[in-house]
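Me: I've just opened this one and could use a hand finding my way around. Can you talk me through a few spots?
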Amino acid sequence: MPIQRNNPARAVAQGAVIAALYVALTYIASLLGLSSGVIQIRISEALCVLPIFLPAAIPGLYVGCLLANLLTGCVALDILMGPIATLIGAVGTYLLRRHPRLAIVPPILSNMIIVPFVLRYGYGMGDAVWYMVVTVGIGEILSVGALGTLLYQGLQRWGSQLTGR
């Protein structure tokens, strides 16, 4: 049976699965003490490469980050701004989808810019914002840059099946 390209139910299902994966991976990282703080490696951020393949990943990542932040006990500012950082990154990845090496940059940058201010003003962390830009950036480079690139390479051969193209 041929894959329907503009199937709204399929897009919702894909977004829901991505959101669930994001929550599960964040929860695992949280149990390991890696998902928040000045030094953080959110394994779930590797999923930020998915908008290269699926536009439905954009709302899926946003909802996944929102739910993960709610479920892991984040402060209100993080519940608001964390998903916005992820949304900005996901949209940027989608816009750069024809340039996969560059497509990983928007989630890294959006989190490097937004998360340190959330840590400073939401959590009252006394570290210098520039220091947190560096530490969050390193975590994002590991999550999106390294793990996300591995995920991209693994999915690249199945991309046409994912997108229906």
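Me: Let's start with S143: buried or exposed?
Reply: S143 is buried, with a relative accessible area of 1% (buried means under 20%, exposed over 50%, partly exposed in between, using a 1.4 Å probe and protein chains only). Keep in mind that this is a predicted model, where local features need pLDDT of at least 70, side-chain atom pairs count only at pLDDT 80 or more, and totals for chains, interfaces and linings use all residues. Residues are numbered from 1 along each chain as its sequence is written, and side-chain values use heavy atoms, with hydrogens and water left out.

Me: Which residues does S143 touch?
Reply: Leaving out residues up to four places away in sequence, S143 touches I41, R42, I43, E45, A46 and G148; contact means heavy atoms within 4.5 Å.

Me: And where is S143 found?
Reply: In helix 6; helices are DSSP runs (H or I, at least four residues), numbered from the N terminus.

Me: New topic: at what angle do helix 1 and helix 2 pack?
Reply: About 35 degrees, with axes 7 Å apart, for residues 8-31 and 57-71. Axes are lines fitted to C-alpha atoms over the stretch in contact, and angles run from 0 to 180 degrees between N-to-C directions.

Me: What residues make that contact?
Reply: Helix 1 gives G15, I18, A19, Y22, V23 and T26, while helix 2's include G60, G64 and L71.

Me: How do they divide by class?
Reply: There are 11 nonpolar, 4 polar and no charged (Ala, Val, Leu, Ile, Met, Phe, Trp, Tyr, Cys and Pro count as nonpolar, Asp, Glu, Lys and Arg as charged, and the others, Gly among them, as polar).

Note on methods:
Helix = DSSP H or I, 4+ residues; strand = E, 2+ residues; numbered from the N terminus.
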